[in-house]
Amino acid sequence: MKCAACKHDMVKKGGEIDLRIGGKLYLVRNVFYEECPSCGEKVLLPEISEILFKKIKNKEFVEQMINVPVLDGTYC
Ligand SMILES: [Zn+2]
């Protein structure tokens, strides 16, 4: 697959990826995705995102409390 942003060849990777769907942030673990080594763009394979969307719809996830560092860029 080629990167939609910079046309670089993407590299298959596995691990964690975050998804923002409907204003909610989901963390997906142990998933395969493709990452652009040039700009860092991450893309899920269509069949995998379809499965993930189904899981979200059927609420097949666990709600976990994780600490997310939040930064304020107002005065940068
Ligand atoms: Zn790219």
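This is a predicted model: local features need pLDDT of at least 70, side-chain atom pairs count only at pLDDT 80 or more; totals for chains, interfaces and linings use all residues.

Q: How would the radius of gyration compare with a compact globule of 76 residues?
A: A compact globule with 76 residues would have a radius of gyration near 11 Å, whereas this chain has 15 Å. Along its principal axes, the C-alpha trace spans about 40 × 35 × 20 Å.

Q: And what share of the residues count as buried?
A: Of the 76 residues in the chain, 1% count as buried.

Q: Which strand is E1 joined to, and how do the two run?
A: E1 is joined by 10 bridges to strand E2, residues 24-35, and the two run antiparallel. As one example of this pairing, Leu19 has Tyr26 in E2 as its bridge partner.

Q: What sits between those two strands?
A: The hairpin of E1 and E2 has 2 residues between the strands, and in this hairpin Gly22 takes a positive phi near 55 degrees.

Q: Switching to the helix, why does its length make sense?
A: Helix H1 has 12 residues, 46-57, which at 1.5 Å a residue should span 16 Å, and because its end C-alpha atoms are 16 Å apart, the two values agree. H1 is followed by Lys59, whose phi is positive, near 55 degrees.

Q: What about Glu63, is that one buried or exposed?
A: Glu63 is found in the segment after H1, and it counts as exposed because it has 5 C-beta neighbours inside 10 Å, where the cut-off for exposed is 12 or fewer.

Q: How far is Glu63 from Tyr26?
A: Along the sequence, Glu63 and Tyr26 are 37 residues apart, while in space they are 9.4 Å apart from C-alpha to C-alpha. Tyr26 is also the residue in E2 that was named above as the bridge partner of Leu19.

Q: And Cys76, where is it?
A: Cys76 is also found in the segment after H1, and with 5 C-beta neighbours inside 10 Å it counts as exposed. Its C-alpha atom is separated by 25 Å from that of Arg20, and Cys76 and Arg20 are 56 residues apart along the chain.

How values were computed. Residues are numbered from 1 along each chain as its sequence is written. The radius of gyration is taken over C-alpha atoms; the globule rule is 2.2 Å times the number of residues to the power 0.38. A residue is buried if 20 or more other C-beta atoms lie within 10 Å of its own, exposed if 12 or fewer, and partly exposed in between; C-beta atoms are placed from the backbone. Helices (H or I, at least four residues) and strands (E, at least two) are DSSP runs, numbered from the N terminus. The expected span of a helix is 1.5 Å times one less than its number of residues. Two strands pair if DSSP finds at least two bridges between them.
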